[in-house]
Amino acid sequence: MRRNGKERKDRAPRRPQGSYQEVARRPWIFRGAYRGRVTPKNIIWHELIGLKAKIIRASHPELVGLEGYVLDETRNTLVLAGERVWVIPKDVVWLEFEVDGKRIQINGKELVGRPEMRLKKRWRK
């Protein structure tokens, strides 16, 4: 982080840089300036980090009802931050994403794969 030379302070200590960023406890959540472009048809190809997610069905009963913001995404897992931070396997859950007041439900098996490789996959519409 760049420092202000005269006052010897950080330029933006512990606060969002833009109106589209928000702080959830400690980690930064990037909301994105154009989140309205996410629809049920294109969520498979869209960036999930920063979206609010809730688990509505799972093979493990303790996962049902967990909700929070997606902090990170790997090939087989999502990292959700809510009351605490959870690492959720994608292939055993049904997720509900909230985007601009709309709720989009999707099977986690459709999200399995690295985020950059999901763009190349062909899906039936």
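How exposed is Glu 98, judged by its relative accessible area? Glu 98 is partly exposed, with a relative accessible area of 33%, where buried means under 20% relative accessible area, exposed means over 50%, and partly exposed lies in between (1.4 Å probe, protein chains only). The model described here is predicted, so that local features need pLDDT of at least 70 and side-chain atom pairs count only at pLDDT 80 or more, while totals for chains, interfaces and linings use all residues. Residues are numbered from 1 along each chain as its sequence is written, and side-chain values use heavy atoms, with hydrogens and water left out.

The overall plan of the chain comes before its details. Its secondary structure amounts to one helix and 10 strands, helices (H or I, at least four residues) and strands (E, at least two) being DSSP runs numbered from the N terminus. Read from the N terminus, the order of the elements is β-β-β-β-β-β-β-β-β-β-α. Of the 125 residues in the chain, 32% are buried. Taking contacts (heavy atoms within 4.5 Å) between residues at least 6 apart in sequence, 38% join residues at least 24 apart.

Strand 7, which covers residues 77–81, pairs with strand 8 in the antiparallel sense over five bridges; two strands count as paired if DSSP finds at least two bridges between them. The two strands form a hairpin with three residues between them, and Ala 81 stands opposite Val 85 in strand 8. Arg 84 sits in the loop between strand 7 and strand 8, where this residue is exposed, with a relative accessible area of 54%. Between the C-alpha atoms of Arg 84 and Glu 67, which are 17 residues apart in sequence, the distance is 9.9 Å.

A polar atom of the Lys 90 side chain lies 2.9 Å from the backbone oxygen of Thr 74. If neighbours within four places in sequence are left aside, the residues in contact with Lys 90 include Glu 73, Thr 74, Arg 75, Asn 76, Thr 77 and Leu 78, and also Gly 108, Lys 109, Leu 111, Val 112, Gly 113 and Arg 118.

The next pairing is that of strand 9 with strand 10 (residues 102–107), which run antiparallel and are joined by six bridges. Phe 97 has Ile 104 in strand 10 as its bridge partner. The hairpin of strand 9 and strand 10 has two residues between the strands, and in this hairpin Asp 100 takes a positive phi near 50°. The C-alpha atom of Asp 100 is separated by 10.0 Å from that of Leu 51, although the two residues are 49 residues apart along the chain. Leu 51 itself lies in the loop between strand 4 (28–30) and strand 5 (52–58) and is buried, with a relative accessible area of 3%.

Charged side chains complete the picture. Side chains of opposite charge can pair when their charged atoms come close. A salt bridge is a side-chain nitrogen of Lys or Arg within 4 Å of a carboxyl oxygen of Asp or Glu, and by this rule the count comes to four. Glu 96, Glu 98 and Arg 103 are linked in a network of salt bridges: the closest N and O atoms of Glu 96 and Arg 103 are 3.1 Å apart, while Arg 103 and Glu 98 meet at 4.0 Å, N to O. Glu 96 counts as buried at 12% relative accessibility, whereas Arg 103 is exposed, with a relative accessible area of 55%. A further salt bridge joins Arg 114 to Glu 116, with 3.5 Å between the closest N and O atoms; Arg 114 is partly exposed at 41%, and Glu 116 is partly exposed at 45%.

How values were computed. Polar contact = N/O pair within 3.5 Å; in protein donor to acceptor, adjacent residues only side chain to side chain.
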